[in-house]
Each structure stands twice: as structure tokens, then as C-alpha cells.
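Take a look at the structure first, then ask away.

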Amino acid sequence: MRVLNNKLCRSLVTQGNTMMMNMLASEVALTVQDKIKNIKTSAVKVPLGNVFGSQLLAQHGPNINIDVTPIGMVNVDFKTEFEESGINQTRHKIYLIVKTQVRIIVPFSSDSTEVVTSVPIAETIIVGKVPQNYIFVPKDEMLNIVPNGN
């Protein structure tokens, strides 16, 4: 991440290194794809009460085998986020989002689910000019400007 500051017109530009980010994304996707190929189906023993989702029956009953099989589909994407950090600072974060599919196989049934992992790859604090005046009004008290007499 590169931050450029032009003192003449007081503008600020942030740039991500797109080529490096795309190389990172492709390397992560290929690595995850290879790891998925090497993973064998694993069996997990789960009490029958947990399968029904009941809090009353949880952890009770005979154990049943659930097979978890990774599916070879990987999707890698980016997410950016801006959040305020003080009166003159903004935090910019870039995340790498890795999504993959997992097939869950129980006796007489099968279902696929998506596993999503978010990994922070860059964070920058953008410092701006300190304002001469500052007023903070919380959102939940915006309409409560007249006291109720108590």
C-alpha cells in the first residue's frame, strides 16, 4: 500500500499494489487447491442428540459417523474497509477472502456448505488535517436534543 500526499492542494491518494495483490491471490488459491487434493475424507463421531439440534438432547445418544469431504473449488477475493479512527484519522484495511466448498455426508443424506476465511493483508492509517471545530453527536441521541423535563 502506498500513500501519496500532495501538500499544495491537500489531497490524499492511497494505492494498493494491484499486481502484487493478484499474485498473492493466485498463489493462495493454488496452495489451497493443492492442500484440498491431499486431504482425505475424514470421519467425525457426533452424538445423535446434536444432529437434531435440540439443546435438551445435546451430547446424548449413540454416536453416529459423519464424513466430511472437501470439494476442490476455491474462490479468492478481496474486501476493503474504511473506519474512522479519531477526529482526523481513517483506518483502511484490505482483506483476502478465501471461500471453499465442503461436502458433509451423513447416513442417507449429503449436503454442501461453504467455508469462508478472512485474512487481513494490509492496514494503513490515513492522517488528515485536524479540524478547528469538532462536534460529536451520537446517532441514537440525534433527535433527543430537547430535554424531557426530568
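Q: Where is the place of Tyr-134?
A: Tyr-134 sits in the segment after β6 (109-127). Strands here are DSSP runs of E with at least two residues, numbered from the N terminus. This is a predicted model, where local features need pLDDT of at least 70, side-chain atom pairs count only at pLDDT 80 or more, and totals for chains, interfaces and linings use all residues. Residues are numbered from 1 along each chain as its sequence is written, and side-chain values use heavy atoms, leaving out hydrogens and water.

Q: Is Tyr-134 buried or exposed, or partly exposed?
A: Buried means under 20% relative accessible area, exposed means over 50%, and partly exposed is in between (1.4 Å probe, protein chains only). Tyr-134 has 47%, so it's partly exposed. Val-130, also in the segment after β6, counts as exposed at 53%.

Q: Which salt bridge does Lys-79 form?
A: Side chains of opposite charge can pair when their charged atoms come close. The rule for a salt bridge is a side-chain nitrogen of Lys or Arg within 4 Å of a carboxyl oxygen of Asp or Glu. Lys-79 pairs with Glu-81, with the closest N and O atoms 3.9 Å apart.

Q: Which residues are linked in a network of salt bridges?
A: That's Glu-83, Arg-91 and Glu-123. Arg-91 reaches Glu-83 at 2.9 Å between the closest N and O atoms, and Glu-123 pairs with Arg-91 at 3.0 Å. Glu-123 lies in strand β6 and Arg-91 in strand β5 (residues 89-106), so this pair ties together parts that are 32 residues apart in sequence.

Technical notes:
Helix = DSSP H or I, 4+ residues; strand = E, 2+ residues; numbered from the N terminus.
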